[in-house]
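Please look over the sequence and structure below. A short report follows.

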Amino acid sequence: MIKLKDILSPFTAWNNVFKAPVTIKDPLNREAAPRYRGFHFNDIEKCIGCGACSMICENEAIDMVEVATVETTDGDSGLRPRVDYGRCCWCALCVDVCSTESLTMTNEFKWVSEDPEDFRYIPGIDEKPWDNRTEGWKKPAPNYEFNQLERVNMEMLGPEERSDSFVEIVQGYSKEQAEKEADRCIDCGLCVATCPAHMGIPEYIKTVRNENLEEGLRIMYETNPLPEICGRICTHKCETVCAMGHRGEPLSIRWLKRYIADQNPAEEYQRILHSNDIDTNDKKVAIIGSGASGLSTAYYLRVLGYQVKIFEEFEAAGGMMRYGIPSYRLPYDQIDKDVNYILSLGVEIQYNTKVGKDITLEELHEEYDAVFSGTGMHAGRSTKIPGSDHKHNYMAAGLLNKITKGEEIHVAKEIIVIGGGNVAMDITRSLARLQNQKYGEINILTTSLESEDIMPADREEVVEAREEGATIDPGWGPQEIIIEDDEIKGLRVQRCTRVFDEEGRFNPKFDEKDEKIFKGDMVVEAIGQGADFSYLKGELKDQLAFNQRGRLEVNEYFQSSIPWLFFGGDIIQGPDVIHGIANGHKAARGIDKYLQANT
Amino acid sequence: MQTSNLINWQPDRSKFPDQLADGSFKVDLSSGKYVKIWHGPNHPGVTGNMSLELTLCGDEVMDAKTHVGYLHRGFEKLFERRKFIQCFPTVIRMCVAEPDYNEYNYAAAIEELSGIKIPEAAKWLRMLALEMSRLQTLLRIVPGQGGTTGLGIGVQWGVYLRDLILDRFEELTGGRIYHMYMLPGGVRGLLPDGFRKRMEENLKEIDDFVQRIDRVQYQNAVFKKRTKGIAVIPPEWVDQYGITGPNARAAGFNRDVRKDYPYLNYDQLDFEVNTDNFSDIYNRSRLRWRDLQQTVDLIRQIMDKIPDKGDFKAKTPNVLHWKIEKGETYIRSESSRGEYGYYVVSDGSEYPRRINLRGPSYIHAVSLLERLLKGANIADIGAIMVSLQSCPPEIER
């Protein structure tokens, strides 16, 4: 039965006749919600072109493209994201993953254009009406993170344990720690561009995540034949540009490199690197010095088939790496691991042979088709202030060399070190250990021209030196070593008000009114080293071109104006290990090119 | 034959073929008595991009076949080539009308496989988004049932109210249709300031709508004539076919994933599962109307319990190469259409091995619909399809 009520009831809809309409009167000018995921905006100054947005985009709507107004620098790829609104699905994952938080979405959602090409644009570069909008999707909260901003801590010996021994401080990552640290990498490759050797950093970090460390070793050896060494003491320019460092801590790239090298046993290297059967050609190359550049050149020439012989002044290989860096940072057995592998490929080495003294460059030229020289900077520089000729004023490089050789050195009760770089820290910390061993207490002070914020030493070196008991008092210019009764009594210093002038040249200024005296009975100068070119003599020297600053001129392959003579390492670039390695690699290619052309 | 007992469309059955015990008709296409037509894929009476191949005798359906393939998407295959985080904006597209259940199931599966515990605020916010999603779907489907029988006014009311809920979604999640809110590890934001007040204003309007639609649609002689006793799902079919949601509950089955296998914090909410004892179009629609009221009540309960501050996303590994532990899981939730499940397999790599959706529409719009349409009047097809509330992308995934 149909009920009368069911016939009448629907007519109650007529009530609505008397109600106001609910439609939005001006829908085109409706403001979207503050969180709305509308058109993109990119803060170009903040963006570093890491490409995380492009990597996470599931629709491949974001391309990284070159932009005329942005320069490529260390730490900035020079690329900026271009968004294609034909593909974008407005998920805002690109915003959430952005390593610098430069990319946001505005709450603008209307855009009319007749040209379909318009909808592919570079936010922040192509000006749009919504560029100045403040509302829209941004990363929702400080602790809402797609990235891992904190480093996995490295286990280290405590200051107590380490301050009287030369045992290696850094303990290395465990498998779990290394994988966790490797997980933080976003594969941007800014590090690759910055690394002087252009190591395949994201690739070898990936091998840590994927537990394929043999592949990791192969990737490292493509550009760096000294991974154990670099994994410990590299100046890690890669880490200073790491995308993670903008809001958090950069990746421990150096420790991950060390982890890969440490995990691969030395006896497996030849199998892993497929190097047990290298063809040998009839060309011979001599290498002067077995430092980073020499070893690197030797390795890359040897794998190309050349007969390589290294001439080394000291009784062991490694150059500054062995004789300049204390073993608590770089143990000798680790240097041996890298060196022995290179020697195992058939690279010959002749120790205790100083070129220029035991054998001349001309003699080498007669016997070898090409010569590479990476003699480094072993000669310490002096401040030449009054009193610096005193017998208890030392050069850091000489002292470090003696410590490595195990020779007895003078260790005073109160020591002053002049210098703010890593060598200054190395000698400070080495002498602190020796003081502790000898006197049971540490009394060493290190001062530098540079104030704390611009000291060239690695931050951790300064922190660790202080932890071990050394006093670091930067920002002072040494004026005089005070000598009484032929004994050093102290160092008179004045406040340094500037180190470099407006043009960036070294031109320190001191405040004469702000003066003090550091007490001490021994001074060590660690203000830099110079090269010893005494082996370049006569005709050869005349043929070599030097630039205005007195440096040897070489081409992009480190070939000097004498075609068979190549130079690299600290005497050309750096000074540091990774530049030496990079130079060596390039020089090996240059020598190969030169010898192939002359066949 | 599942036809109306109120109106006997064809009293003289002598011109029609005999109906067999399984509901099918003996059709001899060469007799010239039958005509085959396509209902859809573009047809206002079809729920989405699918079509029905109908064999008609007069205006009665003798046979029906469901055809899908108009969406060309193949999501499940696509996922195998996407990293886990990249699947997050795509899973939602497997049901446009009610995307949030995809988000929840996917996120919950990843969390279960990788052992992530989400913060308390994220649980409540997920429940809010899920219930809001149910609400906006019901605001379409409840008056939409009237729409299939020519009653357009309810649809207009529903569209307006649904838009208000989409406004709330917009301010909570940043999107109106595809919310992309529940990502593996938590959600993407807390309640905005003043959200509760605006939501309550909307819910009040919906309370009023519930009364109005009752008078206009459910106490409506024409609507009753068009829907009562039509497309009846007998209780014995429910387990045979795997029918779920309001379609099963209207047949007397007290089944609801939220009650039977509580997830998130549903065990802390006070609600009873709505059931009925006769699953025809009218009762199914009426049940959804009751569900609508219940959803409004649940949203009020949830809004009282959502924390206003605190973490809303757990710490996860770097999403760019997130490897999920090797394993498999099945995660289910109660959507407005019934049990909605995700089967996710990970082989321990950065890419899913398999993501499989078990949606109610595969049953409701293919096997069940084909069965229910046999003997139905062509004018009722739209009403029958809407009463099953199916969603083609779920079938063709």
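## A core residue and its contacts

Ile56(A) reaches across both chains. Neighbours within four places in sequence aside, Ile56(A) is in contact with Leu93(A), Cys94(A), Val97(A), Ile85(B), Gln86(B), Val319(B) and Leu320(B). Contact here means that two C-beta atoms, placed from the backbone, lie within 7 Å. The model is predicted: local features need pLDDT of at least 70, side-chain atom pairs count only at pLDDT 80 or more, and totals for chains, interfaces and linings use all residues. Residues are numbered from 1 along each chain as its sequence is written, while chains are lettered from A and ligands numbered from 1 in the order in which they are written.

The largest nonpolar core holds 262 residues, of which Ile56(A), Cys94(A) and Ile384(B) touch the most other members. Helix α4 (residues 120-147) of chain B gives this core its largest share, 14 residues. A nonpolar core is a set of buried Ala, Val, Leu, Ile, Met, Phe, Trp, Tyr and Cys residues joined through C-beta atoms within 7 Å. Buried means 20 or more other C-beta atoms within 10 Å of the residue's own; exposed means 12 or fewer, and partly exposed lies in between, with C-beta atoms placed from the backbone. In soluble globular proteins, nonpolar side chains tend to be buried together.

## Chain B overall

Chain B has 14 helices and eight strands. Helices (H or I, at least four residues) and strands (E, at least two) are DSSP runs, numbered from the N terminus. The radius of gyration of chain B is 22 Å, close to the 21 Å from the globule rule for 397 residues, so chain B is as compact as a globular protein of that length. That radius is taken over C-alpha atoms, and the rule is 2.2 Å times the number of residues to the power 0.38.

The C-alpha trace of chain B spans about 70 × 45 × 35 Å along its principal axes. Of the 397 residues in chain B, 52% are buried. Take contacts in chain B between residues at least 6 apart in sequence: 71% join residues at least 24 apart.

## Where the chains meet

Chain A brings 36 residues to the contact and chain B brings 28. On the side of chain A that touches chain B, α1 (4-8), α2 (52-56) and α3 (93-97) each supply at least two residues. This side of chain A divides into 22 nonpolar, five polar and nine charged residues. Ala, Val, Leu, Ile, Met, Phe, Trp, Tyr, Cys and Pro count as nonpolar, Asp, Glu, Lys and Arg as charged, and the others, Gly among them, as polar.

## Sheets of chain A

Three strands of chain A form an open antiparallel sheet in the order β2-β3-β5. β2 (62-66) and β5 (120-121) of chain A are at the edges with a single partner strand each, so one side of each has no neighbour in the sheet. Strands pair if DSSP finds at least two bridges between them. β2(A) and β3(A) (residues 79-84) pair over five bridges. Val65(A) has Arg80(A) as its bridge partner in β3(A).

Another open sheet of chain A has five strands, with parallel pairing, in the order β11-β18-β12-β13-β14. Within chain A, β12 (residues 415-418) and β18 (residues 522-525) pair in the parallel sense over four bridges. Val417(A) stands opposite Val524(A) in β18(A).
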